[in-house]
Amino acid sequence: MTEPAATPDQAKPNPRAGARLAVVQALYEMEISDKGVIDALAEFEAFWIGQEIDGVAHPPAETAFFRDVLRGAVEEQRAIDPKLDAALAKGWPLRRLEAVLRAILRAGAYELMFRRDVPARAAISQYVDVAHSFYGGDEPGMVNAVLDRVGREVRSTEFGIPAAPGSATAKKG
């Protein structure tokens with residue numbers, strides 16, 4: 001399993017940040033091992049979340065949030081992946097990205113698309129932080145750009161973009 005680098009935020013545990021990190025790790029693990037959601041949930045809750053493994057402290061996590069985002073990212077993948085493909089640079093479909101990046105983007109897109117209780121900018125910022133846990137190069141900036149594009153499309157009003165007439169967002173207003 002790819003281990004995240006230590007970050008200053010780990011000094012003050014945020015249960016949702018811990019859940020997001022665990023979701024990304026679980027999605028990665030599921031992809032490389034062909035585990036299912038139930039096995040990943042059980043393994044991460046029992047052995048990873050809030051534990052120290054090989055000298056690496058895994059932060060505590062809000063369990064219900066972890067479960068929802070992991071299940072949701074998997075169950076809604078058919079809706080999520082086309083949004084991510086559209087937000088990525090032309091010629092760089094999601095399948096061409098490294099597995100950890102795919103996991104970060106899928107989890108972030110799930111929150112943007114299906115967790116309206118989480119402010120869009122907060123979700124984007126949190127997944128950029130997760131990307132910084134794994135990468136030191138341009139990847140966090142790419143995560144920010146892609147999730148920002150998805151957020152502006154699915155939550156335009158949160159970004160100050162008027163809803164298009166006839167859209168579901170315009171009808172709610």
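**View 1. Helix 4 and helix 7 are roughly perpendicular to each other.** In this predicted model, the axes of helix 4 (77-87) and helix 7 (139-154) come within 9 Å and cross at roughly 115°, where an axis is a line fitted to C-alpha atoms, for helices over the stretch in contact, and angles run from 0 to 180 degrees between N-to-C directions. Angles under 35 degrees count as roughly parallel, over 145 as roughly antiparallel, 65 to 115 as roughly perpendicular and the rest as oblique. The crossing of helix 4 past helix 7 is right-handed; a crossing has this name if the near helix is turned clockwise from the far one by less than a right angle, and is left-handed if the turn is anticlockwise. From helix 4, the residues K83, L84 and A87 meet V146, R149, V150, E153 and V154 of helix 7, a contact being heavy atoms within 4.5 Å. Sorted by class, this contact of helix 4 with helix 7 has five nonpolar, no polar and three charged residues, where Ala, Val, Leu, Ile, Met, Phe, Trp, Tyr, Cys and Pro count as nonpolar, Asp, Glu, Lys and Arg as charged, and the others, Gly among them, as polar.

Residues are numbered from 1 along each chain as its sequence is written, and side-chain values use heavy atoms, with hydrogens and water left out. As the model is predicted, local features need pLDDT of at least 70 and side-chain atom pairs count only at pLDDT 80 or more, while totals for chains, interfaces and linings use all residues.

**View 2. Helix 4 also packs against helix 5.** The angle between helix 4 and helix 5 is about 105°, with their axes 10 Å apart, and that makes helix 4 roughly perpendicular to helix 5. Here Q77, A79, I80, D81, K83 and L84 of helix 4 meet L105, R106, A109, Y110, M113 and F114 of helix 5. The residues of this contact divide into eight nonpolar, one polar and three charged.

**View 3. Helix 5 (residues 99-114) packs with helix 6 (residues 120-134).** The two helices pack at an angle of about 165°, with their axes 9 Å apart, which makes helix 5 roughly antiparallel to helix 6. Their crossing is right-handed. On the side of helix 5 the contact is made by V100, I104, A107, G108, E111 and L112, and on the side of helix 6 by A120, A123, I124, Y127, V130, A131 and F134. Eleven of the residues in this contact are nonpolar, one is polar and one is charged.

**View 4. The largest nonpolar core of the protein has 55 residues.** A nonpolar core is a set of buried Ala, Val, Leu, Ile, Met, Phe, Trp, Tyr and Cys residues joined through side-chain atoms within 4.5 Å, and buried means under 20% relative accessible area, exposed over 50%, and partly exposed in between, with a 1.4 Å probe and protein chains only. Within this core, V24, F66, L70, I104, Y127 and V143 touch the most other members. Helix 1, helix 2, helix 3 (63-75), helix 4, helix 5, helix 6 and helix 7 each supply at least two residues, and the largest share, eleven residues, comes from helix 5. Leaving aside its neighbours within four places in sequence, V24 is in contact with V100, A103, I104, A107, Y127, V130 and F134. In soluble globular proteins, nonpolar side chains tend to be buried together.

**View 5. A26 lies in helix 1.** At 0% relative accessibility, A26 counts as buried. Not counting residues up to four places away in sequence, A26 touches A40, F44, F66 and L70. Although A26 and E43 are 17 residues apart along the chain, their C-alpha atoms are separated by 8.8 Å.

View 6. In helix 2, the buried residues are V37, A40, L41, E43, F44 and W48, and what covers them includes helix 1, strand 1 (52-53) and helix 3. Just after helix 2, G50 takes a positive phi of about 75°.

**View 7. The protein as a whole has eight helices and two strands.** Helices (H or I, at least four residues) and strands (E, at least two) are DSSP runs, numbered from the N terminus. Of the 173 residues in the protein, 44% are buried.
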